[in-house]
Structures are given as C-alpha cells and as structure tokens.
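Please look through the sequence and the structure before reading on.

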Amino acid sequence: MIIPDIGIKKLVKEGYLPAGLTIGPSSVDLTLSDSFSWPEPLKKTITLGESVPHKQVRTDEFVLEPNHFVLASTAESIRVPHDMAAYVEGRSSIGRLGLQVQNAGFIDAGFHGQITLELENQSGFSIVLKKGVRICQIVFVQMSQPAEQPYSGKYSGQSGATPSRLEVDPEFS
C-alpha cells in the first residue's frame with residue numbers, strides 16, 4: 001500500500017523526513033545537494049568487484065554534458081521506518097528535459113542517510129544542475145509487518161554522492 005500525503009506528514013512529525021518539503025498526494029519531493037561524484041577508472045575497463053577511484057566535487061552548480069553520467073545526492077537525509085520501504089523516482093518535469101534520475105530505485109526498511117542518485121543526461125545539450133532544485137520524489141510503501149533485520153548495510157548513514165561499494169560484497173571479498 002502506498003502511503004498518502006496524510007501518512008507522509010506523519011513521517012515528518014515523527015522525524016523520518018525533514019520539515020519543509022513539497023508533499024504531493026502520494027509522494028514527497030527531495031532536492032539536489034552540492035555533492036557530485038563520477039568514476040575515474042585507472043584503465044578503460046571497469047571490472048565488477050574492483051574498487052574504482054572517483055572524482056568528487058562540491059559545487060552549487062554542476063554542468064552535465066550530453067550523454068554523460070554523474071552521481072549526485074539529495075540534500076535531505078531521510079530514515080525509512082522498519083515497517084516501510086520506499087522507491088525513488090525521477091520527476092517527470094526533469095525527465096522531459098532528457099535528464100534521467102535513478103538510484104537503483106529501492107530503499108530498504110531501516111535505511112537512513114542521504115540518497116545517492118545516478119543522473120544521466122540523455123539529451124543533446126548540456127544541463128545545469130543547481131543545488132536546491134527538486135530533483136526526485138520518494139514514495140513510501142507499507143510492508144505487511146516490520147522487517148526482522150532492518151537495513152544496516154554498507155550505505156547506512158551515507159552522506160553526499162557515495163560511490164559504489166560493490167567490492168565489499170561477500171562474492172568479491
């Protein structure tokens with residue numbers, strides 16, 4: 001079941017979401033921070049499971065060139081209750097300009113931190129990303145019962161545009 005605006009307002013009151021966000025009928029908008037990161041591999045091939053160096057910058061404006069990719073972050077730090085999960089979706093007004101907003105889409109019960117977003121400019125022109133713009137929306141869903149083991153993984157408490165930590169997965173350790 002998707003949590004409506006009334007339930008989202010309750011999440012704000014309970015401290016799961018910061019006050020002052022734009023709440024819609026069934027989602028809440030999150031804004032872009034000043035943190036950006038992108039892979040700068042030492043070779044032309046990335047092997048899954050190997051650590052990849054990243055360039056990281058903090059800036060109020062970032063120019064994303066056509067057909068390029070960057071990690072970004074929401075300005076807001078959120079918490080997901082143990083009996084809910086969440087989805088992050090791009091805003092259609094952003095997508096209609098050719099900017100695709102991803103984050104692997106799903107946030108587990110118990111997650112806390114800023115949301116790292118994968119942004120791709122699929123247009124033929126440069127797009128200026130500005131700190132504070134409403135970049136994505138989060139949809140909370142009610143689970144049938146609280147998670148027995150809420151998320152406490154490698155991205156717990158993340159802050160800023162966080163690079164992949166795939167190399168710490170058990171199959172690569």
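How many aromatic pairs does a search of the whole structure find?

## Aromatic pairs

The search finds four aromatic pairs. Rings of Phe, Tyr and Trp (its six-membered ring) pair if their centres lie within 6.5 Å; planes under 30 degrees apart count as stacked, over 60 as edge-to-face and the rest as tilted. The ring centres of Phe36 and Phe62 are 4.7 Å apart and their planes make 15 degrees, so this pair is stacked. Phe36 sits in strand S1 (residues 28-39) and Phe62 in strand S3 (residues 61-64), 26 residues apart, and the pair links distant parts of the chain.

Phe36 is buried at a relative accessible area of 1%, and Phe62 is buried at 13%. Buried means under 20% relative accessible area, exposed over 50%, and partly exposed in between (1.4 Å probe, protein chains only). Trp38 and Phe62 form a tilted pair, with 5.6 Å centre to centre and 45 degrees between the planes. This pair also links distant parts of the chain, with Trp38 in strand S1 and Phe62 in strand S3, 24 residues apart.

## Basis of the model

This is a predicted model, in which local features need pLDDT of at least 70, side-chain atom pairs count only at pLDDT 80 or more, and totals for chains, interfaces and linings use all residues. Residues are numbered from 1 along each chain as its sequence is written, and side-chain values use heavy atoms, with hydrogens and water left out.

## Fold and dimensions

The protein chain has two helices and 10 strands, in the order α-β-β-β-β-β-α-β-β-β-β-β along the sequence. Helices (H or I, at least four residues) and strands (E, at least two) are DSSP runs numbered from the N terminus.

Along the principal axes, the C-alpha atoms fill a box of roughly 45 × 40 × 25 Å.

## Burial and charge

Of the 173 residues in the protein chain, 39% are buried. The protein chain has 15 positive and 19 negative side chains, and the centres of the two sets lie 6 Å apart. Lys and Arg count as positive and Asp and Glu as negative, while His and the chain ends are not counted; the charge is placed at NZ of Lys, CZ of Arg, CG of Asp or CD of Glu.
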